[in-house]
Amino acid sequence: MKSVQWQKSSFSGGTTGNECLELAPGADRIRIRESDDPGVVVTTTPGSLRALIRGIKEGEFGRLG
């Protein structure tokens, strides 16, 4: 089995208290996990992740709650 190469945000300081999301690209899926809980992994497609990021940047989710 090929090892998964996780990529941490360049905005992360890499020290305790700087937990962040990590991504690992695959052939047709992207794995996502939190660095402080690496055992929980969510998968999505590149298109769905792109749509989520676009919606966040455009404030689409600011009106929830």
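Reader: What should I know about the numbering and the model before I start?

Author: Residues are numbered from 1 along each chain as its sequence is written, and side-chain values use heavy atoms, with hydrogens and water left out. The model is predicted: local features need pLDDT of at least 70 and side-chain atom pairs count only at pLDDT 80 or more, while totals for chains, interfaces and linings use all residues.

Reader: How many helices and strands are there in the protein?

Author: Helices (H or I, at least four residues) and strands (E, at least two) are DSSP runs, numbered from the N terminus. Here there are 1 helix and 4 strands, and along the sequence they follow the pattern β-β-β-β-α.

Reader: What is the order of the strands in the sheet?

Author: Two strands pair if DSSP finds at least two bridges between them. The sheet is open, with the order β1-β2-β3-β4 and antiparallel pairing. β1 and β4 stand at the edges with a single partner strand each, so one side of each has no neighbour in the sheet.

Reader: Which residues show the pairing of individual strands?

Author: β1 and β2 pair over 2 bridges, and K8 stands opposite E22 in β2. Strand β3 (residues 30-34) and strand β4 (residues 37-44) pair over 5 bridges. I30 stands opposite T44 in β4, and a hairpin joins β3 to β4 through 2 residues.

Reader: How do I read a side chain in a strand?

Author: In a regular strand the side chains alternate between the two faces of the sheet.

Reader: Is S9 buried, partly exposed or exposed, and where is S9 found?

Author: Buried means under 20% relative accessible area, exposed over 50%, and partly exposed in between (1.4 Å probe, protein chains only). At 30%, S9 is partly exposed. S9 is found in the loop between β1 (7-8) and β2 (21-25).

Reader: Which residues does S9 touch?

Author: Contact means heavy atoms within 4.5 Å. Leaving aside residues up to four places away in sequence, S9 touches C20 and L21. S9 and L23 are 14 residues apart in sequence and 8.5 Å apart in space, C-alpha to C-alpha.

Reader: What share of the protein counts as buried?

Author: Of the 65 residues, 15% count as buried.
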